[in-house]
Amino acid sequence: MADIVVKGGRVIDATGERMADVAIEGNNIVAVGEGLTALRVLDAGGCVVAPGFVDIHTHLREPGTEDAETIESGSRAAVLGGYTAVVAMPNTTPPIDDASVVRDVLALGRDALCDVHTSAAITVGRAGDRLAPMAEMAELGVHLFTDDGDGVQDPGVMRNALEYAAGLGVTLAQHCEVDSLSLDGQMNEGEWSSRLGMPGIPAEAEELMVMRDIALARMTGARVHFQHLSTAGSVAMVRAARQAGVPVSAEATTHHFTLTEAEVAGYDPVFKVNPPLRTVADVGGVKLGLADGSIDAIATDHAPHTADAKNLPFDQAPPGMLGLETAFALAVTELDLSIAEIIALLSWRPAAIAGIATEHGAPIAPGSPANVTIFDPVTTWTVDPRELASLSRNTPYAGRTLTGRVRHTIVAGEAVVIDGDAQR
Amino acid sequence: MAERERRRTPPYGGVFIARSRVMDADELRRAIWRMAHEILERNRATAELIVIGLQTGGVDLAERLAAALGEIEGTAPLVGTLDVAFYRDDIGLRPVLPEAPTEIPDDLTNKVVVLVDDVLYTGRTIRAALDALHDFGRPRAVQLAVMIDRGHRELPIRPDFVGKNLPTRRDEAVDVTPDGVDLGEIQRGER
Amino acid sequence: MSRQHLLTIDDLGADGIEELLDLTDSFVEVSERRIPKVPVLRGKTVAWLFYEDSTRTRLSFETAARRLSADTMNFSVSSSSVNKGESVLDTVQTIEAMGVDAIVVRHGSAGVPRQITGWVDASVINAGDGWHAHPTQALLDCYTLRQHRGNIDGLRIAIVGDIKHSRVARSNVAAFTAMGADVTLVAPRTLLPPAVGLWPVEVTHSLDDVLAHVDVVYLLRMQLERQAQALVPSLREYTAEYGLTASRFARLDPDALIMHPGPMNRGVEIAADVPESPQAVVTNQVRNGVAVRMSVLFRLLGSEVDPRQLVEESFSG
């Protein structure tokens with residue numbers, strides 16, 4: 001007898017759509033069809049049953065800033081947002097730039113509510129000079145390498161890193177920001193920064209590095225993944241590069257397709273993020289990229305910060321916003337795409353970039369690992385920062401009403417979210 | 001007082017609606033003439049007088065009184081204006097923007113000040129004016145001339161020279177203009 | 001105008017600016033009295049929270065508060081509480097707990113006064129936040145212009161210097177254009193803000209071109225750091241291109257006014273003896289600063305009720 005049956009939902013995965021029950025036993029899906037039974041029933045009436053989402057860009061803050069978030073609390077936020085896997089970013093303290101830190105993070109993640117993978121730094125200390133021991137860390141399962149928080153500034157170092165990575169079969173991901181152009185910019189450079197009297201980060205600070213890494217990818221044949229693209233110009237370059245057959249992929253965050261620089265007018269550091277919120281035209285460009293496949297995946301860049309940190313003067317506050325619990329609903333509410341297309345952006349396409357496509361995002365069929373999320377695509381709800389599972393409260397969407405809510409989430413056969421409540 | 005209402009005519013404050021004419025232009029003129037004589041009777045010469053009109057209702061009257069005094073005596077006294085906005089006792093309860101800057105032509109020490117206002121009502125404006133005058137010197141005496149005393153005093157203030165005593169209800173209003181004095185009410189305009 | 005705060009000139013609009021300028025006439029008169037003091041803010045307390053050392057602005061505000069009979073409290077950078085590393089949030093909440101009606105703030109980071117309005121109930125007055133705004137400076141500059149020219153509408157004003165980093169420039173552009181002046185910014189590209197083409201101003205890189213065609217030259221202070229930041233090659237070159245040198249001064253219309261927010265770098269943006277000429281009205285600006293700040297304090301604390309909402313009832317006689 002199966003352990004769990006997800007009953008009465010509309011199953012949507014990369015192969016198509018159908019009304020079906022899904023039966024789960026142990027860690028796997030054992031049957032998909034009609035009239036299935038099991039020891040426990042999860043009602044999915046009116047809901048969509050999809051492969052669990054994968055966030056390839058999450059800051060879990062552990063080790064180092066556990067008052068903002070821990071791997072455990074971050075994983076809880078993740079499963080409530082429909083994520084069955086997350087890839088942690090390496091800008092922790094200490095940074096994830098060698099095997100021992102990788103091991104620690106993976107160990108801490110073993111008891112998490114979702115599958116916790118980690119990326120690792122491209123350079124030692126994320127300092128941009130010497131290559132980190134990528135082979136050693138790849139052996140522990142690391143597939144994505146990034147100096148996220150910073151971009152690799154030196155083109156020579158990046159070229160070497162790409163060539164080395166290509167030989168390992170891992171993917172380098174880039175936080176595109178040319179430091180000497182972004183300097184001490186606090187927000188997008190343009191009409192608003194001019195009026196608000198703050199130094200700005202021009203679009204070119206991102207676009208120059210996108211342009212450079214496309215050229216390096218073409219030169220080395222190594223794959224480059226562009227993190228959090230924020231400008232229409234970046235998206236256009238990636239579109240052209242893909243069409244030319246250069247091995248690139250890209251992600252965009254929810255805040256870069258829902259918010260603009262105008263939000264900063266009140267000087268509330270909740271809206272401070274890197275790359276910054278940009279113009280209306282840039283938001284349009286990102287949405288277009290998500291629709292036409294130039295951007296493969298939605299990532300959250302979930303960046304928890306304590307209230308103390310965000311209650312500082314704007315130019316002193318750290319950049320970053322929460323994202324795990326609101327990403328899916330924002331995609332449903334703000335993108336003019338079908339549910340299937342949204343699931344692709346959240347699930348199997350990021351899973352492929354992270355190299356975990358066999359466990360996550362896989363078609364819902366007998367034999368597939370039971371990493372599934374069940375959501376109601378039409379119900380509405382209002383974001384209340386105090387009700388979020390994250391330890392931090394820095395969401396820019398407080399008070400906003402969104403459409404679409406996760407009802408249940410199953411990770412490796414365990415129902416970690418039932419009726420919107422985390423089970424542990 | 002009604003002057004202030006006019007300044008706040010719709011959509012701000014209210015409009016003064018006249019119900020009856022209490023004094024016409026001639027009666028007004030005669031009252032001013034009589035008051036000027038009374039002022040001279042009480043004080044000996046215009047040289048030591050300073051006539052100060054309260055903004056805004058007393059300014060016109062102060063000038064007319066000073067002119068009358070000048071006609072009678074040959075030399076007109078100095079004239080000044082005083083805005084009491086900064087000395088009111090109801091700051092924070094009511095609108096308190098000054099109407100116009102104060103202009104006091106001389107040190108008031110040892111002078112006789114004749115304060116002039118159009119309507120004497122609760123007495124609070126005069127109390128504020130006395131406070132304000134205090135900052136301009138130490139007058140030998142301060143006397144009060146008003147065209148209309150409408151009663152309902154809330155402070156121990158009394159006028160020295162009165163154009164007309166006019167008993168009124170609290171919900172009524174009095175409007176003094178160069179053409180005459182009307183009794184009526186304030187109709188609240190749109191806010 | 002927001003009844004509670006003065007954060008930027010935009011809070012005021014042309015009507016609000018006019019109202020404050022008219023009020024200032026009354027406070028100029030008060031300031032010229034034998035006893036330059038009125039009791040209107042008796043019992044009110046104003047706190048100074050200056051994270052940037054600025055004796056002149058603080059003293060100007062302090063004189064204004066004293067002339068209105070308000071009490072004052074000083075929490076400025078020279079005193080210990082700011083130096084202890086206490087956050088702005090904790091500092092202002094401590095100040096409010098002590099019972100203040102208004103906090104006058106100057107901070108090196110843009111937006112801090114606005115953030116403070118979310119943390120306390122007291123009125124907040126911006127005395128300068130980063131590059132962003134310095135509304136009381138703009139008001140006193142407007143008052144000075146009105147004093148000398150009667151009307152700001154139609155005046156041709158050139159603002160010269162480091163516009164990009166200047167809160168005075170931003171507030172002045174807002175105020176002068178709201179009052180109908182034609183404003184031209186004069187600066188090298190590197191000292192102009194991004195997207196300046198969207199500002200309601202003309203822009204030129206040549207001071208010589210505009211000199212003969214302006215009614216007012218407003219000079220901004222040029223700071224040494226800009227050279228270190230590779231924004232101008234040297235102060236000498238800056239002075240040669242953008243300074244009001246003796247020869248440029250000679251080419252100015254004899255009726256043109258020269259203004260400066262202070263402190264002046266004689267020999268850099270302004271030739272050494274130009275401030276003494278009758279066309280330079282810098283000391284008037286300072287004098288007017290006290291009266292203007294009296295208007296602001298009075299308007300925020302002394303007239304709490306919006307006059308447009310009440311009819312004046314029994315207050316008379």
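**Note on a loop proline and two helices of the predicted model**

1. In this predicted model, the loop that joins helix H14 (348–354) to strand S16 (372–382) of chain A contains A:Pro363. The relative accessibility of A:Pro363 is 33%, so the residue counts as partly exposed, given that this class lies between the limits of 20% and 50%.

2. Leaving aside residues up to four places away in sequence, the contacts of A:Pro363 are A:Asp13, A:Thr15 and A:Ser368. A:Asp419, 56 residues apart from A:Pro363 along the chain, has its C-alpha atom 23 Å from that of the proline.

3. After H8(A) comes A:Gly245, with a positive phi near 85°.

4. Buried positions in H8(A) are A:Ser234, A:Val235, A:Met237, A:Val238 and A:Ala241. Because their arc around the axis is only 160°, they lie on the same side of H8(A). Their packing partners in chain A are helix H7 (203–220), strand S13 (224–226), strand S14 (248–253) and helix H10 (280–292).

5. In chain C, the axes of helix H1 (residues 13–32) and helix H12 (residues 282–302) come within 8 Å and cross at roughly 115°. The crossing of H1(C) and H12(C) is right-handed. Residues making this contact include C:Leu20, C:Leu23 and C:Phe27 of H1(C), and C:Val292, C:Met294 and C:Phe298 of H12(C). By class, the H1(C)–H12(C) contact comprises ten nonpolar, three polar and two charged residues.

Conventions:
Residues are numbered from 1 along each chain as its sequence is written. Chains are lettered from A and ligands numbered from 1 in the order in which they are written. This is a predicted model: local features need pLDDT of at least 70, side-chain atom pairs count only at pLDDT 80 or more; totals for chains, interfaces and linings use all residues. Side-chain values use heavy atoms; hydrogens and water are left out. Buried means under 20% relative accessible area, exposed over 50%, partly exposed in between (1.4 Å probe, protein chains only). Helices (H or I, at least four residues) and strands (E, at least two) are DSSP runs, numbered from the N terminus. The arc is that of the directions from the helix axis to the C-beta atoms. Contact means heavy atoms within 4.5 Å. Axes are lines fitted to C-alpha atoms, for helices over the stretch in contact, and angles run from 0 to 180 degrees between N-to-C directions. A crossing is left-handed if the near helix is turned anticlockwise from the far one by less than a right angle, and right-handed if clockwise. Ala, Val, Leu, Ile, Met, Phe, Trp, Tyr, Cys and Pro count as nonpolar, Asp, Glu, Lys and Arg as charged, and the others, Gly among them, as polar.
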